[in-house]
Amino acid sequence: MKGFQVFTGEFRHFIRTPMIIVTFAAVALVPILYSGFLIRGTWDPYGQLADLPIAVVNEDQGAAFEGKPRQIGTEFVDELKSNEQFSWQFVNAGEAASGMKSNRYYGTITIPASFSADAASLDSDHPKQAEIEFESNSFNNFIAGQIGENAIKELRNRLSTTLTEAYSRTIFAQFETIATGFSDAGKGAGDLHEGARSLGDGIHKLKVNMDTLASGTSQASSGIGQLQTGANQLKTGASALGQGAGDLASGAKQLQDAGTKLEQGAASAITGSQTLSDGLRAFKNGADQLSAGLKTAADGSRSLETGLTASAAASADVADGAGEVASGLDQLASANPELAADAGFQKLLAASKAVAEGSKQLNAAQKQLLAGSKTLASGNGTLASGADTLSGSARQLAEGADQLHAGQQQLHTGLHAFNAKLPAIADGARKLSKGADQLNGGIGGLASGIGKLAAGVDKAADGAQQLDSGAAELDAGAPKLVDGSGRLADQLNEAASKTAAVKADDAAVQMLADPVKITSIDDRKVTVYGNGIAPYFISMSLYAGALVFTTIYAARGTRVAGATGPRLLVGKLLVFVIMSIVQSLIVCTVLLALLGLKVQHIPLFYLFTVVTGLTFMLIVQMLVTWLDQPGRFVVLVVMIFQLASSAGTFPLELLPGWAKAMHPWLPMSYSIQGLRDVISSGDFNRVWHQMGILSLFAAGALILTCVYFLTRKPEAEGEQLMPARI
């Protein structure tokens, strides 16, 4: 029992001195005073929010929504009046500002004058987000300001959901109209598809006829070339005839001497004039047929021009209709952003624009075709005019040839009187020369008319080729128009079906207004703030209790005579351990019995709290034993560092770098985590793990204390801060 000599001697001294007993009892209550009052004072602060005054200022002027007056700001205020989350104070702007300045209010909610108007601006050209102003009075209390900001966010979400429901009902009300519009558009696109099919058939027939026209104009151009060659030969013959008539006039005197020869020549002339007359009659008949054929071609060209004019007007109407469909879909997309984001609708819009563009190209091609038909009609008119001129000239030539033949016959008949009537012969020769000149001039006009006719036919051939090329493009583009209009009709009908299938019941409106539901899982939720902060306050109070105990009880010396180092070690250690255990038991009992602290395992809570208290007590004893008065200062500094780096209030990740670095080296980090597990999470494996780490801290402190007492001589008495010596 000599090992307990110091302990028993001091214990007898304690019980003989009532003041020491009172002092020890007071020190034993220090941890519960710390932890009890701190935990009780912050037990459930969020349950007292109904006493937190928040000013509410409603300046909303109201607005018309869906043709009805709405006071959304007033509706929001009415909702707050039934909300008991805070102490709402409904005041004007001046009173709110005064209350914030004098710290009577912890925050102010201001509903602007344009709140309802902004909320109802969804269908306007410039929609504006409705805004509620919240000003927190963090100068008065920072935590209260943070709580107010979180609360206003929740209120904003609830108000946003209400407004979204109203918007959704408006949008759903338009879906039936949209579905009807899609259905009508689908029918129109179907009619467009049928019209495009008919147009394609007509364009194909036009292409076939244009091929025939191009082939005919090419053949006509070849025939006109042959006609021009014959006219040139006729002109050469007429020129020779004129020269011969001149020679006849100049040689009239010679004819008088050679009457016999002249008579023979006249006979030959009769034969030649007969041949010329027959040839000119054939030429006249050909010219008449050419004129009739060109008139028929001109009539066909005018009919073609009339048909193409009507076709161009129809294609212009088709292009305008397709453009209106595309423009209407663009306007629908601008008015309904959700619909514009739909992939099917985007395909529909792209198809309608493709149809509109194809219709414009078709109209442009038909305009080119119309221009070519007009050129062809003009060329055919020129050809017909030239053919008429040619026919008239041929008629004159034929009449002149008949006259020449009759004259030759008369010449042959009157050869016998030729010599006697030589002056008359000479005069007739002069007339013949003049007529030959006229014939030569007429044949020149005939050649010129044939040249013009050839040029007109060439132009007609070029126009026919252009018309044929344009008709080929139309024939190639028509199937695309038919296919595009068919797809447009199918997609419009599909859009009408899907739009009509949209349900506008309350469930759909609520789903659109609040599509995401958050389900709170409370398996790891600490419902009372006191339970959450208790580990921090318990650890702090036990550490403070150990520090306070060293101020009334000497850590080194004793009044017991003959105390050796080992005896002093045992005596001091027993006193410190007993005080630590008493403090820990008082803390646990009061918190559980009086404050109603709920823990996951009561015996383990007692055990872990005792281990925590012993760890802190042994660390404090070691520091004060080695350093004496400066040791208490070191204990206080260590406590400050532990409070800052133990993550007792804020998560470790939010602490500064130096605090994170110190966190694993200080015992309070493990006491707080272990108390959290035994109070809230119930992770008992981690509780035992934290208890093991604390035991290592306690063992290290105990070893250092043993080293001190086993290597130093005992002091006669301790240095105390209190007047009474123990």
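**Exercise 1. Describe how helices α2 and α14 pack, giving angle and axis distance.**

Solution. Step 1: Helix α2 covers residues 18–41 and helix α14 covers residues 565–593; they pack at an angle of about 35°, with axes 9 Å apart. Helices (H or I, at least four residues) and strands (E, at least two) are DSSP runs, numbered from the N terminus. Axes are lines fitted to C-alpha atoms, for helices over the stretch in contact, and angles run from 0 to 180 degrees between N-to-C directions.

Step 1: The α2 and α14 crossing is right-handed. A crossing is right-handed if the near helix is turned clockwise from the far one by less than a right angle, and left-handed if anticlockwise.

Step 2: On the α2 side the contact includes Phe 24, Val 27, Pro 31 and Ile 39. On the α14 side it includes Val 575, Met 579, Ile 586 and Leu 591. Contact means heavy atoms within 4.5 Å.

Step 3: Sorted by class, the contact of α2 with α14 has 14 nonpolar, three polar and no charged residues. Ala, Val, Leu, Ile, Met, Phe, Trp, Tyr, Cys and Pro count as nonpolar, Asp, Glu, Lys and Arg as charged, and the others, Gly among them, as polar.

A note on the model: it is predicted, local features need pLDDT of at least 70, side-chain atom pairs count only at pLDDT 80 or more, and totals for chains, interfaces and linings use all residues. Residues are numbered from 1 along each chain as its sequence is written, and side-chain values use heavy atoms, leaving out hydrogens and water.

**Exercise 2. Work out how α13 meets α14.**

Solution. Step 1: Helix α13 spans residues 529–549, and its axis comes within 11 Å of the α14 axis, crossing at roughly 145°.

Step 1: The crossing of α13 and α14 is right-handed.

Step 2: From α13, the contact uses Ile 538, Leu 542, Gly 545, Ala 546 and Phe 549. From α14, the partners include Phe 576, Gln 583, Ser 584 and Val 587.

Step 3: The classes are nine nonpolar, three polar and no charged.

**Exercise 3. Classify the packing of α14 on α15, then examine α15 itself.**

Solution. Step 1: Helix α15 covers residues 602–627; α14 and α15 pack at about 140°, with axes 8 Å apart.

Step 1: Therefore α14 is oblique to α15. Angles under 35 degrees count as roughly parallel, over 145 as roughly antiparallel, 65 to 115 as roughly perpendicular and the rest as oblique.

Step 2: α14 passes α15 in a right-handed crossing. Their contact has 15 nonpolar, seven polar and one charged residues.

Step 3: Check the length. At 1.5 Å a residue, the 26 residues of α15 should span 38 Å, and the end C-alpha atoms are 37 Å apart, which agrees. The expected span is 1.5 Å times one less than the number of residues.

Step 4: Check burial. In α15, 19 of the 26 residues are buried, so the rest of the structure largely encloses this helix. Buried means under 20% relative accessible area, exposed over 50%, partly exposed in between (1.4 Å probe, protein chains only).

**Exercise 4. Find the positive phi values at Asp 628 and Asn 103.**

Solution. Step 1: Recall the background. Most residues other than glycine have a negative phi.

Step 1: Asp 628 follows α15. Asp 628 sits in the loop between α15 and α16 (629–645), and its phi is positive, near 60°.

Step 2: Asn 103 is not a glycine, yet its phi is about 65°. Asn 103 lies in the loop between α4 (93–101) and β5 (107–111). At 37% relative accessibility, Asn 103 is partly exposed.
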